[in-house]
Amino acid sequence: MFWMFKEWFWLERFWLPPMIKWSDLEDHDGLVFVKPSHLYITIPYAFLLLIIRRVFENFVASPLAKSFGIKETFRKVTPNTVLESFFKHSTRRPLQTDIYGLAKKCNLTERQVERWFRSRRNQERPSRLKKFQEACWRFAFYLIITVAGIAFLYDKPWLYDLGEVWNGYPKQPLLPSQYWYYILEMSFYWSLLFRLGFDVKRKDFLAHIIHHLAAISLMSFSWCANYIRSGTLVMIVHDVADIWLESAKMFSYAGWTQTCNALFFIFSAIFFISRFIVFPFWILYCTLIIPMYYLEPFFSYIFLNLQLIILQVLHLYWGYYILKMLNRCIFMKDIQDVRSDDEEEEEEEEEEEEVTKGKEMDCLKNGLGAERHLIHNGQHGR
């Protein structure tokens, strides 16, 4: 059954243009062509990147964070066996009826119970140091891979003439630079996918899974069908904006608001230019329209463009979030990742509110005491 499926899966009519066989892509005369077996190496390389990332975060990102004044913070919660048991075995977000019952059981006010659960949830949230480490690692990789991508592509004719992307397709030999560009990029996305369960979890967690799987699927498919030239163009268009986003996050966690805002504006400009101008009118034009002059439509051509269109839909999704952040930056003078949970900030606001109320009560008490003292003195004078 497995061999039957394998033979069906690799039928030439699914992957290659009409009249082209897999035998036409065998290595010959010193020319090397892509092979699906090349992609197996991306999994061990992904685990190698995870090891490198751990070393980088401990010996590069952490000292850099400390130089910015970012320290590991430990949130303390008043021990309470009843509330802790409910938190672990029932729910992390109790209903109002639960809060009322727990308050009676623990001899606390409902407000105190609500704050205990909020503090307990915040205790499990990643620290600012952890967020900085993640952003610093992604920034370092995107910077390196973008510089490498530019070095790989700057002298390639298909970067300037999109017709060269399809000239001679699919009998286009694999260059060493293309091999390493693809392998490193795919290994990185595998490593991100493996770490999703341990990294900072945001509201667009599912979108990140879809994005990473779509990226890996697209790169794997383009590799197997030898869409290497168009694939490298897609990768460089995406990587060039991500550097600025991760650098903006780093300075945001460090508290450098003005620097963060400036970097985020640069990222937004590059994002919208690359995703909403370059990608649809350059990349999609290259993969959807130009091939019609060279080839008749076939299955992998349709499937490739379907994946790219899905990728463009994800661009719209993240573009929506970026616009929301820009709105906050312009009108609220603050950039905050709208994908994050705001509960911790709400708690800080409530703490400030309580302090303010406490001060007001002290003022009232002091004022009332002063009045009583005056009245008493007046009466005594009589």
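## Helices, burial and contacts: worked exercises

In this predicted model, Leu49 is found in helix 3, where helices (H or I, at least four residues) and strands (E, at least two) are DSSP runs numbered from the N terminus. Residue numbers start from 1 along each chain as its sequence is written. Because the model is predicted, local features need pLDDT of at least 70 and side-chain atom pairs count only at pLDDT 80 or more, while totals for chains, interfaces and linings use all residues; side-chain values use heavy atoms, without hydrogens or water.

**Exercise 1. Classify Leu49 as buried or exposed, and state its C-alpha distance to Ser187.**

Step 1. The classes are buried (under 20% relative accessible area), exposed (over 50%) and partly exposed (in between), with a 1.4 Å probe and protein chains only.
Step 2. Leu49 has a relative accessibility of 11%, so this residue counts as buried.
Step 3. The C-alpha atoms of Leu49 and Ser187 are 7.5 Å apart, although 138 residues separate the two in sequence.
Step 4. For the whole chain of 382 residues, buried residues make up 44%.

**Exercise 2. Describe the secondary structure of the chain.**

Step 1. The count gives 13 helices and zero strands.
Step 2. Read from the N terminus on, the order of elements is α-α-α-α-α-α-α-α-α-α-α-α-α.

**Exercise 3. Identify the members of the nonpolar surface patch that contains Ile51.**

Step 1. Patch members have over 30% relative accessible area and no salt bridge; like charges are joined within 9 Å, and nonpolar side chains (Val, Leu, Ile, Met, Phe, Trp, Tyr) within 5 Å.
Step 2. The patch consists of Leu48, Ile51, Ile52, Val55, Phe59 and Val60.
Step 3. Together these residues have about 570 Å² of accessible area, from the Shrake-Rupley method with a 1.4 Å probe and, for residues, only the protein chains shown as cover.
Step 4. Ile51 is located in helix 3 (residues 42–67) and is exposed, because its relative accessible area is 53%.

**Exercise 4. Characterise the second largest pocket by volume and lining.**

Step 1. On a 1 Å grid over the protein atoms alone, a pocket is an open set of points with protein on both sides within 12 Å along at least five of seven lines, a cavity is a set where a 1.4 Å probe fits but cannot get out, and lining residues have an atom within 4 Å of a point.
Step 2. The volume is about 370 Å³, taken as the space filled by probe spheres set on grid points joined across faces, edges and corners.
Step 3. The lining has 17 residues, and Trp10, Pro36, Leu39, Tyr40 and Cys224 lie nearest the centre. Helix 1 (2–9), helix 8 (176–195) and helix 9 (205–224) each give two or more residues to this lining, and helix 9 gives the most, with five.
Step 4. By class, the lining has 12 nonpolar, four polar and one charged residues, where Ala, Val, Leu, Ile, Met, Phe, Trp, Tyr, Cys and Pro count as nonpolar, Asp, Glu, Lys and Arg as charged, and the others, Gly among them, as polar.

**Exercise 5. Examine the backbone at Pro170 and Met19.**

Step 1. The peptide bond between Tyr169 and Pro170 is cis, with omega about 5°. Pro170 belongs to the loop between helix 7 (128–153) and helix 8.
Step 2. Met19, a residue other than glycine, has a positive phi near 75°. Met19 sits in the loop between helix 2 (12–15) and helix 3 and is exposed at 78% relative accessible area.

How values were computed. Salt bridge = Lys/Arg side-chain N within 4 Å of Asp/Glu carboxyl O.
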